Amino acid sequence: MSDPNLQNFINLSAALTGLAADLLAPALDPIKLPPLFLATAQQGMGTAAFSNLLTLYASVKDQTPAQIASAVLGSSDAQIAQGARSIMKLWLLGSWYQPYDQGNAHKGNVRVVSDQAYKESWAWKIAQSHPMGYSQYHFGYWNEQPPTLKQFTGVDAKEGQQP
Amino acid sequence: MKITLKRLACLGASFTSALAMADAATPPVLSPAIPFDVTANSPTTLDSLQHDFDMLSWQTFVALNWPANADGSANTSAKIGAPGQTVWESWKESYAIFLPRGQKPLAWVQHTPPPAACQGKGNLPVLQQMGKVAGVLDEFIQPFKTGPLVDQNGTYTRNAIMVNQPMFDDIVNKGLYSKEGQQAFLSKADNRIAFSCGSQEHKEVGAIMVKSAWKVLGGNDNPQEFHAVDALVYTPGNTDPNTGAVIPESCSAQKVGLVGLHIVHKTKEAPQWVWSSFEHVRNVPEETTPMNERKGPYLFYDAQASNRPVNEPPEQPWDPSKKATPSQIVREIPLTAATHQLNAQWQGALQGTVWANYQLISTQWPTAPADDCKVPSPTNPLGTPAPNFLANATLETYNQGITPQASSSCMECHNNATTRVTQSPRTSFADFTFLLERAQSTGAKE
């Protein structure tokens, strides 16, 4: 990936969501959500706050994902922390939750970024399910056990959870 | 270096223009050999693989449109463009496979009689020219009954679906041509519908389907601009006014010209099949083509009536026996610059043949194919197609666009195809073909 900002944004997103960067941004990606999400976050947070977020990430990127997430979400800069939470929701729900007033957007405004963003959002896969109104599973799938969480996300279910 | 798509996906390598430069320098090779699978060269990206699949499409287009011997094999002593039946036209039409009362189809080499209304009609020499399979075109309604396509002469466009021998053999050998046969096959717990996969390793051609769209040639049409054949154009009768126009069954011999061609090939690297879509170059303008550049004449657009609404199906009832208002169609998703460039190369190589009058619209392929070409991925059976959407203006005329689940995407649509045994995902999945839904019941008690 030639754009370092985009690569940092994806790696930061991986640390925040717990999903592997190559799942968020596959090498072969005809849907192209990552650049759309970067533009969405940059616009929603404002260029300066978004740049501060990526700068903070760059300073901690060699740490573990948990340490990165802690540094970003616990940042003393409220815009960084709130923006990071909105980025998590963006990947999980395909919607941008405006974290604070910025330009014409007001805190609490929510918008679905695109039809593809909704369809591909990760909450559905983490729920081992599919978006309402869209499914690629074959007729009768609802009567069978869904694939495991690991098959969907690469992440093992915790003990006691649905596999 | 040949490498698998699964490995390619891991490489994430940057694209270089070396491959494109090599293509520009080397004219395309016109060969009667159907490629077994995509040949991908590293370094790879989405764009480079799209190019590789587009190359596969053109290579397959040339091979399938090669003149055929009497047995349907490619006549390697002839050149493409020579008169006569092409390879794919010797294949089995769907009506010859899914017979009334679930009867077993005749053997591959045997001629299937046309519908009764066509028997004794038409011109016998014309039927002979069509070879083993009569050119019966009995489909005029598009997917989801979105409506027929009417040419500038006011005549309905007709469709046909053919399958190659590996697919035909799979259907016959597994008894999938009848409802009861499907039930018997799928009653075994390990069985699933999985057509054969083309393979470089085994030098095998996989299952191939060809869906064609034809216009009746008349008016100012010049047959020399088309791949033109004499065919029996069949219209089923309808006596129930609640189900459409009341029309008599009819069948007549007509000269028809090819205007659209889907070639669908299942391969090891593309378990969701490779969807290659071609059209006649004069079909329609693109939506983005400025009005003053829409010179035409087009086959499905009147440049002199540019104020008419576009991409709207004819008013019902649809009656193919009568002249209708010509369709006013534009292409909603324009061809890419890369596709234009590749088309120019192949059309140049085909110069002097009628096939230079056809163009690739695009090729849809899976970017995340399943590991096993015979077993769908549990979490991504669709395989994340590229491009996201693909429509042929003659075959998916009225559902072009970019809206998920509504606009035409070959793989998304055909992923919903089912068998006649919808008891579970395993038994219902028809491996991306709606043909198996045509299987009729033998009437045997279950």
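How many of the residues of β4(B) are buried? Of its 9 residues, 8 are buried, and the strand is mostly covered. A residue counts as buried if 20 or more other C-beta atoms lie within 10 Å of its own, as exposed if 12 or fewer do, and as partly exposed in between, with the C-beta atoms placed from the backbone. Strands here are DSSP runs of E with at least two residues, helices are runs of H or I with at least four, and both are numbered from the N terminus.

Before we go on, a word about what you are looking at. This is a predicted model, in which local features need pLDDT of at least 70 and side-chain atom pairs count only at pLDDT 80 or more, while totals for chains, interfaces and linings use all residues. Residues are numbered from 1 along each chain as its sequence is written, and chains are lettered from A and ligands numbered from 1 in the order in which they are written.

Back to β4(B), which has strands to pair with. Two strands pair if DSSP finds at least two bridges between them. With β3 (residues 158–163) of chain B, β4(B) forms 6 bridges in the antiparallel sense; in this pairing Trp214(B) is the bridge partner of Arg158(B). With β6 (residues 250–267) of chain B, β4(B) is joined by 9 bridges, and again the two run antiparallel. Here you can find Val216(B) opposite Val256(B).

Now look at the backbone of chain B. Most residues other than glycine have a negative phi, and most peptide bonds are trans. Lys203(B), in the loop between α6 (179–186) and β4 (208–216) of chain B, has a positive phi near 50 degrees. Asp431(B), in the segment after α9 (425–428) of chain B, has a positive phi of about 60 degrees. Is each of them buried or exposed? Lys203(B) is exposed because it has 8 other C-beta atoms within 10 Å, whereas Asp431(B) counts as buried because it has 23 C-beta neighbours inside 10 Å. There are cis peptide bonds to find as well: the bond from Gly296(B) to Pro297(B) has omega near -5 degrees, and the cis bond from Gln316(B) to Pro317(B) has omega near 0 degrees. Pro297(B) sits in the loop between β7 (270–280) and α7 (337–349) of chain B, and Pro317(B) lies in the loop between β7 and α7 of chain B too.

Let us move to the helices of chain A. Helix α4 (residues 47–60) and helix α5 (residues 65–73) of chain A have axes that come within 10 Å and cross at roughly 145 degrees. Such axes are lines fitted to C-alpha atoms over the stretch in contact, and the angles run from 0 to 180 degrees between N-to-C directions. Leu53(A), Leu56(A), Tyr57(A) and Val60(A) of α4(A) make the contact with Gln67(A), Ile68(A), Ala71(A) and Val72(A) of α5(A), where contact means C-beta atoms, placed from the backbone, within 7 Å. This contact has 7 nonpolar, 1 polar and no charged residues. Ala, Val, Leu, Ile, Met, Phe, Trp, Tyr, Cys and Pro count as nonpolar, Asp, Glu, Lys and Arg as charged, and the others, Gly among them, as polar.

Finally, see where the chains meet. The contact takes 27 residues from chain B and 21 from chain A. On the side of chain B, α1(B) gives the most, with 3 residues.

Terms used: Two residues are in contact if their C-beta atoms, placed from the backbone, lie within 7 Å.
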